[in-house]
Each structure stands twice: as structure tokens, then as C-alpha cells.
Amino acid sequence: MFESLQSKMNGSVILPEHPNYEESRAIFNAAIKKQPSAIAICKDELDVAESVQFANVHGLEISIRGGGHHISGTSLTEGGLLIDLSAMKQVAVDETTKVAKVGGGALLSDVDSETQKYGLAVPTGTVSETGIGGLALSGGLGYLRGKYGLSCDNILAAQVVTAHGEIVRASADEHADLYWAIRGGGGNFGVVTQFEFQLFEVGPEVLALDVMYDLQDADSIYRQLDEFQKTAPDEISLNVTVMDLPPLPDLPEFLHFKPVLILSGMYEGEVDHGEEVIKPLREMATPIVDQSGVVAYTDLQTKLDAMVPQQANFKGSSLFFQDLSPESWQEILAEKEKAPGHLMLQLWEVHGQMNRVPADETAFATRDARYALLLDIMYEDENEEACQEWINGFYHRFAPISYNGAAYLNGIDPDSEIIQNSYAANYKRLVEIKEKYDPENVFQRNHNIQRASVHSD
Ligand SMILES: Cc1cc2nc3c(=O)[nH]c(=O)nc-3n(C[C@H](O)[C@H](O)[C@H](O)COP(=O)(O)OP(=O)(O)OC[C@H]3O[C@@H](n4cnc5c(N)ncnc54)[C@H](O)[C@@H]3O)c2cc1C
């Protein structure tokens, strides 16, 4: 039956018997084995519209894939139609208006490499192989969050293929409700084939903070960081990463498997002043290594790529915190020892512009937390169940002291309670907009918004 779809598409339809099927199906998280009946590799918005209509007529579940990086694997469907946007990566910069038009399947590297030609940047994330589609539609936390906000805060407009296969433009003046919903509401409302993003002057060189401390100093470092965060200027954004170092060949042997705390970030502003600002962050304990310094923005944006393992099994969790006491931080760290896999635990401080946006101005509701906790656990097949149990247990143990049990939805499996906690008062409006644009829940492979889940008033 897929011949009729192929005949209407500029792109191609890949079926399970195709020699490239497995390669085309693969996503970041190797644990997700779902097998779509077909993969529609769309070249343009008309291909996307044809694919949506085809799936509707044939009763096929749709999944949308931007960069395929969400660890929950919502970009794959079992037996349905995968709408793949990887051939829609075009990035066009208008230097005068400072607006970038970005294809719905672009990766962060596509965005950064093109925008930096003009000394401009969109606030995105920190690993360049991530897709802008999923990242921006559910938030988008990166080094520019303090100064310029989340990626979703900087969406000026989007071309969207709706559940009925119509192509509409969402902006402040056109389909304003849809425009509100896609800024944080994920893939619930349609397939975004093109974003228009606000650009800012960034780089080409920036001041990066990158200090590795012994995990033994984590308590004292957290106390100092917590004080620093209270008055941190918008120009700086700080990420704490706790992990056991992998036995990489380019690391000296004494560091293999060593538990460390890495304090990383970026100062977006005048370098001399930035050096002063980051000085105390470099002296919070005796560093094992301090690689802070001036780097090309594009190098900083790709620096962490090497740390990301390919084709491994992952599970993830997340929570926001407003007040995280040093004692709770210690309890969180103690959980690391019980993780049945290799854990990367990240505590990202959040402040500045991303928290200045009113909670009801976009669908992304968490606007006055101080920290985002992100957990990623990499595991062997036989530990899958233990990992799931550990990850669920972690969320439920710390949710009561968190920011209303809200999570960063880009880092956690769909769960109706967590989704509602995260959208908070915005959930009701999201349900209304979902009913208007997608009453049959055609787009359900996501952190799904549904009427049945609305809390009674
Ligand atoms: C190694 C790694 C590093 C990360 N670093 C960061 C970071 O620094 N900052 C941060 O904020 N997040 C980060 N994330 C999380 C990241 O934001 C999410 O994984 C995000 O969903 C990735 O987008 P994607 O397009 O690659 O995802 P996909 O898996 O392709 O898509 C996820 C979902 O988004 C929706 N979607 C994607 N594209 C579209 C589209 N064009 N139109 C409509 N719906 C769409 C679909 O519902 C899809 O199921 C990281 C993840 C990984 C694995």
C-alpha cells in the first residue's frame, strides 16, 4: 500500500525489507527497538502533509523524528508511519532582520555552523548532534539561557503540518493559539517543517568555564555554587556534571573510573569581565584539571559530543528544584552509588532571561525554579528492569522536595502525572488547543496532552 505514498512524495519511503531500513530506523537510544511499517523520508512540507494524510486514511500511528535524540524513543512507532525530517535541515540566515529559518529536521550543528558565519546564534543545547525540532518544541536549555532564554522563547514563527495534513503558519499574528502551544508543548500539535528563530550576536569567541573537581569536594562546591547562583549575572550559565570518568584512551590512567564533578558553562559577554566573574568558580576546591578559557563558540557547542556514547541503552529522569538544600544534594549524590548502570547526573542552574518569561506567555511553564536535575543512565541489556526501577524510584523519592514534581520533558519518559506537573496551570489551555488542532490525537507519540488527564478544577 505504500506505493501510493511514494508516488506522491519527492522524498522516499523505506520499508522493512529495504537494505537501509535498519540504518534509517536507528535512533540515539539503542534500547528502543520499535519497528515502523514504513519510514517516510520527507524532503519538503508537501511530503509531510502527504504522509500525515496517508497515515490518517490507513489508520497508521504517526511518529515524528527530528534528530532522533529523545531518550524515550517517541520518534519511533511500532507498526506505524515514521515521518522522518532528516532531509529537511536547511538553515537560512537573514543578517539584517536577525532571523534564521531552520528546517524541522536540522541538528544543532547545522544551526550553529550556518548562523556563526554571521557571528550570530540561536539559543540551543550543548550537544551538537541533538535535533532542534524536539529540543526547541519542549524547551531548549543551553549556555545562552541566562541571557537570551530557552530555544522555545526564541521561536518567532513556524510552518506546521496539522493533524489533517493542512499547512499553516503559526506566529503572534497567525494561529496565535498554536504559536503559544508549540513553544513548550512538544510534538502534540503538528509537524513543524520550518522554524523561524530570533538570532543574537554571539562569538565567534566566547569564554568557557570547564573545571574538573574531585567528587569528594561536592558538598562544599554545592554550597558555594548555591550562593553564587543567587546573584549570578545573566551572562553566565552553569552546569554541574557528576560522573565516573570513562576509561578513555586520551585520559591519563589515574583518572579512569574516577568520580568527578565537572563545573562547566559559558560567559556571554566581555571576556575580561567574564574572567573576573568565573574566577571564584575556578577556585571552589583544588581542581584536577581546569580547561577554562576563550574558545570558538562552535568548538564549545561540539565539545561534549565526544562524551556521548553511540548506540547504547539509556534511561533518563529529571526534576526541577527551587530550594535544594545541601543535605538534599548529598542525598541525591548518595543515590548515584546505587545506580545499576553508568550514571551521568547533571544539575543545571537556571536563572536570568529564561525565568523572566511569564509562566503563561508560552506553554513552557517552569519559570521560577533555580535548578534542573537531569539524569541519564547507560546500562547493559540485562539491567533494564533494575534501571527502570531505579529511575522511577529516584523521581518519586525526590519529587516531594522538588518544584511541584515538574520535570524537563526533554529528558524523561512520557508519564501523564509528570506531564501535568510540568505544564502546571498551562495544561488546561494546552488541552483546549490540542482539541482544536488534533481532536483525534493523531500526534500521540510524544509527551501527550489529553483531556482525560485534566485535573478537575
Ligand atoms: C546526548 C544528548 C544531549 C542533550 N543535550 C541537551 C541540551 O543540552 N539541552 C536540552 O535542552 N536538551 C538536551 N537533550 C534533550 C533533547 O532536547 C531531547 O532529546 C530532544 O527531544 C531532542 O530533539 P530531537 O529532534 O533530536 O528528538 P526526536 O527524538 O527526534 O524527537 C522527540 C519528539 O519531539 C517531537 N518532534 C521532533 N521534531 C519535531 C518537529 N520538527 N515537529 C514536530 N514534532 C517534533 C516529536 O514528538 C518527537 O517524538 C539532549 C539529549 C541527548 C540524548
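Asp 438 is buried, and Lys 434 is buried too; here "buried" stands for under 20% relative accessible area, "exposed" for over 50%, and "partly exposed" for anything in between (1.4 Å probe, protein chains only). These two residues form a salt bridge, with their closest N and O atoms 2.8 Å apart. The term covers a side-chain nitrogen of Lys or Arg within 4 Å of a carboxyl oxygen of Asp or Glu.

Before going further, some ground rules. This is a predicted model, where local features need pLDDT of at least 70 and side-chain atom pairs count only at pLDDT 80 or more, while totals for chains, interfaces and linings use all residues. Residues are numbered from 1 along each chain as its sequence is written, and side-chain values use heavy atoms, with hydrogens and water left out.

**Salt bridges**

The salt-bridge rule gives a count of 25. Here are three of them, with their N to O distances.

| Salt bridge | Distance |
|---|---|
| Asp 438 and Lys 434 | 2.8 Å |
| Lys 338 and Glu 335 | 3.0 Å |
| Lys 147 and Glu 268 | 3.8 Å |

Take Lys 147 and Glu 268, whose side chains meet at 3.8 Å. Lys 147 sits in helix H6 (residues 145-148) and Glu 268 in the loop between E14 and helix H9 (271-278), so this pair ties together parts that are 121 residues apart in sequence. Helices (H or I, at least four residues) and strands (E, at least two) are DSSP runs, numbered from the N terminus. Lys 147 is partly exposed at 26% relative accessibility, whereas Glu 268 is buried at 8%.

**Around the ligand**

Which residues come closest to the ligand? They are Gly 68, Thr 74, Thr 126, Leu 141 and Tyr 408, out of 33 residues that surround the ligand; a residue joins this shell if one of its heavy atoms lies within 4 Å. By type, the shell divides into 12 nonpolar, 19 polar and 2 charged residues.

Strand E3 (62-65), helix H5 (132-137) and strand E10 (191-198) each supply at least two residues of the shell. H5 gives the most, with 4 residues.

An N or O atom in the side chain of Thr 126 is 2.7 Å from a ligand oxygen. A backbone N or O atom of His 70 lies 3.0 Å from a ligand oxygen, and a polar backbone atom of Gly 134 is 3.0 Å from a ligand oxygen. Taken alone, the ligand exposes 950 Å², and the protein buries 92% of that; areas come from the Shrake-Rupley method with a 1.4 Å probe, and for residues only the protein chains shown count as cover.

Most residues other than glycine have a negative phi, and most peptide bonds are trans. Against that background, a cis peptide bond joins Gly 203 and Pro 204, with omega about 5 degrees. Pro 204 lies in the loop between strand E11 (200-201) and strand E12 (205-214).

His 175 is not a glycine, yet its phi is positive, at about 45 degrees. His 175 is in the loop between strand E9 (167-171) and helix H7 (176-182) and is partly exposed, with a relative accessible area of 36%. Asn 404 also has a positive phi, near 55 degrees. The loop between H13 and helix H14 (416-423) holds Asn 404, which counts as exposed at 56% relative accessibility.

**One more contact**

Asn 313 is in strand E17 (residues 313-321) and is buried at 9% relative accessibility. A polar atom of the Asn 313 side chain lies 3.3 Å from the backbone nitrogen of Ala 31.

Definitions and conventions:
Polar contact = N/O pair within 3.5 Å; in protein donor to acceptor, adjacent residues only side chain to side chain. Nonpolar A, V, L, I, M, F, W, Y, C, P; charged D, E, K, R; others polar.
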